[in-house]
Amino acid sequence: MIPELSATTTDERGRPTERLAARRSLGGLAARTAGELPALLAGVVVLFLLAAVAAPQWLAPADPLAIDPAAAFQGPGPGHWLGTDESGRDLYSRVVFGARESLTIGAAATAIGLALALLLGLPAGLTAGRARRTRWLDTVIGRVLEVLFALPGLLLALVFIALAGPGLVTTVVAVGLSTAPGYARIIRGQVMRLRDSAMVEAARVLGRSPGQILLRHLLPNALGPVLVLATLGVGQAVVWASALSFLGLGTPPPAPEWGAMLSAGRTYLQLAWWMTVFPGLAIVLVAASATVLGRWLQRRTEGLR
Amino acid sequence: MTRWLLSRTAGGLLVLWAVATLIFLGIRLVPGDPAEAIMGGPGSQAPPEALEAARVEYGLDRPLPVQYAVMLGNLLRGNLGTSYSLRVPVADVVGEQLPGTLLLALLSWVLAWILALGLAVLTSLARGPRWRRVADRIGSGLEIVAAAVPHFWLGSVLVLVFATSLGWLPPVADDTAAGLVLPVLTLALPLAGFLGQIMRESLATALSSPFALAARARGESEAGVLLHHGLRHAALPGIGLSGWALGSLISGAVVVESLFARPGLGRTLLNAVTARDVPLVTGVVLVSALTYVVVMALADLAERLADPRISA
């Protein structure tokens with residue numbers, strides 16, 4: 001096969017004409033809708049999850065903590081769509097209520113990670129390659145990041161839990177800590193790119209103070225790409241936090257947190273597969289939706305910069 | 001080459017020293033008495049004399065700078081201290097558990113690369129723009145789902161399907177080869193999904209680039225173009241993510257070893273964290289950090305070999 005030498009032709013403004021034509025015809029509209037289908041599905045999942053976080057009682061029929069020993073270990077069916085657990089609690093309600101627990105933990109951990117990353121990445125980016133008097137700051141932060149990178153994945157989180165003891169707050173901080181080095185490196189690069197940009201130059205010429213430039217120009221522009229990455233990161237944070245709960249180091253039972261539910265289901269794996277399969281599916285849905293949406297945002301925002 | 005080796009070694013030692021110092025300082029910053037952890041946790045209600053004896057036994061009664069110096073001196077001689085919970089030298093525990101985890105991680109890593117490259121090559125075989133798009137969709141869908149699946153859930157589902165329902169494989173890891181299949185699959189699939197996402201894109205870019213066209217024009221076969229030009233480009237971003245891959249394998253090993261009741265470093269670490277056994281945690285973490293340093297150096301070498309644009 002010989003590939004087309006020039007894949008797309010462009011119009012006078014540099015936009016691909018192929019896409020312009022597609023935009024005009026009805027068939028093109030359908031094709032474009034099909035192209036955005038994964039993002040659309042992910043959006044629906046996220047809307048459902050947000051509704052579950054905001055008002056779980058509207059979506060779930062039962063109290064996630066109400067026990068009913070007579071109804072223990074019922075398989076999926078009418079009455080209990082996803083079955084019941086060892087105490088007869090409705091699994092569907094627990095998964096819906098669990099969205100609040102798990103997503104709050106994931107979002108809080110990501111926020112902590114971003115805050116830490118900003119604290120490290122911003123000064124490093126501002127001083128990197130600059131006057132000798134301030135450059136040491138970038139060197140020091142670079143070394144700190146290097147050490148943190150040497151404890152990849154959950155390792156840093158596990159060390160933190162070993163030192164601080166298990167628990168909900170520790171889990172959130174631990175997961176945030178694990179995600180911080182990656183974000184910090186990206187923020188440093190963004191800040192370095194922006195501080196030498198014409199935009200900042202112009203602001204400086206206009207006599208804006210360094211503080212104004214930082215708040216008006218550097219932070220908003222550096223955070224944009226990072227927030228896109230954070231969309232991807234929330235999925236990872238949810239997975240890591242539930243992994244810690246699964247290992248018995250995070251949220252303790254009987255809270256309807258997805259990882260803790262999986263941990264309980266593990267004991268009854270042979271007897272009640274639904275106790276393992278459905279909470280896990282919820283985690284997979286969150287992580288996959290976060291990936292699809294994050295990549296979609298990346299594609300949409302790339303052209304703007 | 002010698003300079004490269006020297007700077008790598010120095011950097012690695014610096015990282016290891018920093019990790020050991022970080023944990024040493026960390027344990028002093030958080031509330032809680034290490035002597036209590038030695039005696040079995042705050043719930044054990046050990047008498048004060050026993051706590052005092054434990055402090056003396058582990059040198060915790062000495063001034064902090066002395067403790068720090070003793071620890072560094074011991075580390076230099078390869079002595080990682082004594083485990084609080086197992087009461088044996090940490091180095092012995094680590095040495096005993098390391099080979100099993102290395103085998104598990106290595107097999108999973110190889111399988112993940114095979115799966116990721118295999119899927120990338122398969123989707124690149126699709127002919128015509130329409131099939132191409134369909135193949136890309138299927139490939140990227142598979143990868144996104146695989147990368148999103150958490151180890152602890154994937155392991156359970158694999159046990160449900162292949163052990164409980166079909167009965168083909170044992171649900172716990174024994175010493176046989178069959179016992180390794182499910183743990184390795186559990187570790188490899190998410191990693192393969194993650195690696196595949198970037199490798200496929202990179203392979204597609206390489207195969208539609210001018211140099212691939214030139215190779216075809218020279219009369220090179222499609223397989224030759226793939227082997228000589230495509231795979232090299234597909235592998236590069238995968239090598240660049242070695243640090244991330246190692247993190248996934250280490251975190252995964254903690255989960256998988258406890259899920260499949262397989263002895264190893266991951267399970268040792270989990271038990272040590274639960275018991276707040278600081279010397280054992282430090283030992284396992286130092287070994288992991290050392291692995292990270294070595295892996296990053298090897299990845300650097302591999303990148304130089306695969307990419308002639310980076311030279312010396």
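The dialogue below reads selected features of a predicted model, from chain fold to surface patch.

User: What should I know before reading any values?

Analyst: This is a predicted model, so local features need pLDDT of at least 70, side-chain atom pairs count only at pLDDT 80 or more, and totals for chains, interfaces and linings use all residues. Residues are numbered from 1 along each chain as its sequence is written, chains are lettered from A and ligands numbered from 1 in the order in which they are written, and side-chain values use heavy atoms, with hydrogens and water left out.

User: How many helices and strands does chain A have?

Analyst: Helices (H or I, at least four residues) and strands (E, at least two) are DSSP runs, numbered from the N terminus. Chain A has twelve helices and zero strands.

User: What share of chain A is buried?

Analyst: Buried means under 20% relative accessible area, exposed means over 50%, and partly exposed lies in between (1.4 Å probe, protein chains only). Of the 305 residues in chain A, 46% are buried. Accessible areas come from the Shrake-Rupley method with a 1.4 Å probe; for residues, only the protein chains shown count as cover. The accessible surface of chain A is about 15,000 Å², and carbon and sulfur atoms hold 66% of that surface.

User: How do I read contacts along the sequence of chain A?

Analyst: Contact means heavy atoms within 4.5 Å. Take the contacts in chain A between residues at least 6 apart in sequence: 66% of them join residues at least 24 apart.

User: Which residues does A:Thr179 touch?

Analyst: Leave out residues up to four places away in sequence; A:Thr179 then touches A:Ala109, A:Gly113 and A:Trp240. A:Thr179 sits in helix 8 (residues 168–195) of chain A. Its relative accessibility is 12%, so A:Thr179 counts as buried. A:Val147 is 32 residues from A:Thr179 in sequence, and the C-alpha to C-alpha distance is 14 Å.

User: Are A:Arg188 and A:Asp138 buried or partly exposed?

Analyst: A:Arg188 is partly exposed at 26% relative accessible area. A:Asp138 is buried at 11%.

User: What about a salt bridge within one helix?

Analyst: Look at B:Arg304 and B:Asp300, whose side chains meet at 3.5 Å, N to O. They are four residues apart in helix 13 of chain B, so about one helical turn separates them. B:Arg304 counts as partly exposed at 28% relative accessibility, whereas B:Asp300 is buried at 15%. A network of salt bridges links B:Arg8, B:Asp300 and B:Arg304.

User: How do I read the interface between the chains?

Analyst: Buried area is the accessible area (1.4 Å probe) that two parts lose on being put together, summed over both. Between chain B and chain A this comes to about 4,000 Å², with 78% from carbon and sulfur atoms. In residue terms, 43 residues of chain B are in contact with 46 residues of chain A.

User: Which polar features cross between the chains?

Analyst: A polar contact is a pair of N or O atoms within 3.5 Å; within protein, one must be able to donate a hydrogen and the other to accept it, and residues adjacent in sequence count only if both atoms are side-chain atoms. The rule finds eight residue pairs in polar contact across this interface, both residues at pLDDT 80 or more. The salt bridge count between chain B and chain A is one. B:Glu201 and A:Arg295 form it, with the closest N and O atoms 4.0 Å apart. Helix 11 of chain B gives the largest share of the side of chain B that touches chain A, nine residues.

User: How accessible are A:Arg295 and B:Glu201?

Analyst: A:Arg295 counts as partly exposed at 23% relative accessibility. B:Glu201 is exposed at 53%.

User: Which residues form the nonpolar surface patch?

Analyst: Patches are made of residues with over 30% relative accessible area and no salt bridge: like charges are joined within 9 Å, nonpolar side chains (Val, Leu, Ile, Met, Phe, Trp, Tyr) within 5 Å. Here B:Met1, B:Leu290, B:Val294, B:Leu298 and B:Leu301 form the patch, with about 480 Å² of accessible area together. B:Leu290 is in helix 13 (residues 278–306) of chain B and is partly exposed at 43%.
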